[in-house]
Amino acid sequence: MAKAFFRLQKFLRRTQFLLFFLTAAYLMAGSLLLLQRTRLVIQQGSRGTPANQALPVPEEMSRVGIVDPRTLQNPRPGPRLLVGMDALQEPALDQRHSPHWLTSRNSELRQLRRRWFHRFTSDQEPLQTAGFKAMKHTAEHKGTYMGCFTHDSRERTLKGAVFYDLRKMTVAHCQEACAERAYSYAGLAYGAECYCGNTLPAAAAKPEECSSECKGEKGSVCGGVNRLSVYGVEELRAGARRWRNVIYRGCFRAPENLTDTFPASLIQPNLTVEMCSEFCSKKEFPLAVIRGQECYCGYPTGRFSLHEGADGLRCSGSRNASSAAAGQYCLVYQTPVQDTRCTDRKFLTTKSKVFVALSSFPGAGNTWARHLIEHATGYYTGSYYFDGALYNKGFKGEKDHWRSRRTICVKTHESGKTEIEMFDSAILLIRNPYKSLMAEFNRKYAGHLGYATDRTWKSKEWPDFVNSYASWWASHVLEWLKYGKRLLVVHYEDLKQSLIPKLKEMVEFLNVTVTEDRLLCVENNRDGNFKRSGAKQKNFEPFTQEMKDLINRYILTVDEALRGRNFSGLPREYVPR
């Protein structure tokens, strides 16, 4: 018995030693690996922060909707954290109601978000003061650097046009954009935002406070946190004149009292269109109105809406200012200056109690409708997806989680029962399926503003695309009619033809009150940044007779379903007879 006990004791001692040795080896290996990774992070420190690391978010970043979703529900003191976009999960798509490619959309979107988020965070870290001297203000840029100034997004000093580009913003790009629109100054903030104006900001800041590197130009300063790097672009304006457009709007009956209607005026012998346009551009007005030797500047208003034009012969049939009718009629021109009365946008200050969808089939004009809604209401729209191209151009609701309820409505192309019933109400945007299919095909193969090549149209991709997407166009409408709780049906063609009346309906549906002047401003900026330039004519018919027969059957089905729900049917212009 004693011998057996001794053997057991000896075995346990050996086992204990073996476990101790393995534990020590494991700890040593772990320490070496940790040291190696720490060295790698230090080496990469100058290139940015890893995408999966939590970062303190400065106050200005909350304006673009980059917040931890948990802080929306449990706010507490302390710095907010910027979290990886993988935490923002989206419900699975119903494979029965969408094309096959869309079923993998969530995973593709998560990868897109991860890549975009890594780029965003790696570029976001402010430049250190020690390296500030290496940046150049004037050597590589044509404009004159005026200095660093304070910037308040709510009370902007540079009140002209605004541009965003979170990937490719450069000083030269901002300067050219402002000069082309006849502004005197270009200001850059946050490394990616461009502001134009004709009045230099009053409050100067310390030079080192403008320390954000331009997103598209290493070594150049593009403002900072609530700071503007301002450049004078007067010398660039002369060169910009050759491509800067002054658009003739037509001949209109003059209002009874022009002085009360228009805030700025000029009386000039031998007045020309160029003289009046330059004067109004300098005053930052989008309209130049000419009556004889009188020049007036202003905006479209209720008194002067530009909705009822007169026969051009009443303005002497000429665009020469001196020959315009001196009394009852006037010539109207659009200056390069942007109408900024409706460009201010923000997130909702309190969570919306009603969860509203802006639903459409892809290619039906959802982005355009979002542009109109944002400028009419002054609130950002959200998105079920994430599109970096849209975010870069000012759709800041793209970055906000779609369930945050901080946006006025949420873009979606989904059509499953579960995805529909999560919304309290919806604006259902419907477009001619022939136009929608072509628009989405162009977007898929050439981006938001491009056109697919003729070779792509003639390839196998196009018939396959039509076969799967045409049925989705119909099922999308039918599913929303079936499961939608409260719907406003808007036809793209009606919105395009009668913008203000239809936009009023949409705004009222969203329970927002807006002024007539703001709606007129939206009408003045109706196209937005994502309108394809012209209609690229094809020398062949993309739709075969078989495709037309298929699509026409779907059109008749949808038209019947709409009328069965007491909605107006599809526009007669594309319903088969």
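The model shown is predicted: local features require pLDDT of at least 70, side-chain atom pairs count only at pLDDT 80 or more, and totals for chains, interfaces and linings use all residues. Residues are numbered from 1 along each chain as its sequence is written, and side-chain values use heavy atoms, with hydrogens and water left out.

**View 1. An open sheet of 5 strands with antiparallel pairing.** The strand order is E3-E9-E5-E6-E4. Strand E3 (144–150) and strand E4 (162–164) are the edge strands, each pairing on one side only. On average, neighbouring strands of this sheet are turned by 25 degrees against each other, direction ignored. Helix H4 (residues 171–180) packs on the sheet and touches E4, E5, E6 and strand E9 (227–232); the direction of H4 makes about 140 degrees with that of E5. Helices (H or I, at least four residues) and strands (E, at least two) are DSSP runs numbered from the N terminus, and two strands pair if DSSP finds at least two bridges between them. Axes are lines fitted to C-alpha atoms, for helices over the stretch in contact, and angles run from 0 to 180 degrees between N-to-C directions.

**View 2. The hairpin of E7 and E8.** Strand E7 (residues 213–214) and strand E8 (residues 217–221) pair in the antiparallel sense over 2 bridges, with 2 residues between them. Cys214 stands opposite Glu217 in E8.

**View 3. Thr407 in the loop between helix H9 (388–392) and strand E17 (410–412).** Beyond neighbours within four places in sequence, the contacts of Thr407 (heavy atoms within 4.5 Å) include Phe347, Tyr380 and Asp400. The Thr407 side chain reaches the backbone nitrogen of Gly382 at 3.4 Å.

**View 4. The largest nonpolar core, with 43 residues.** Such a core is a set of buried Ala, Val, Leu, Ile, Met, Phe, Trp, Tyr and Cys residues joined through side-chain atoms within 4.5 Å. Ile430, Leu437, Trp462 and Leu570 touch the most other members. Helix H13 (461–483) is one of the elements supplying at least two residues; H13 gives the most, with 12 residues.

Methods
A polar contact is a pair of N or O atoms within 3.5 Å; within protein, one must be able to donate a hydrogen and the other to accept it, and residues adjacent in sequence count only if both atoms are side-chain atoms. Buried means under 20% relative accessible area, exposed over 50%, partly exposed in between (1.4 Å probe, protein chains only).
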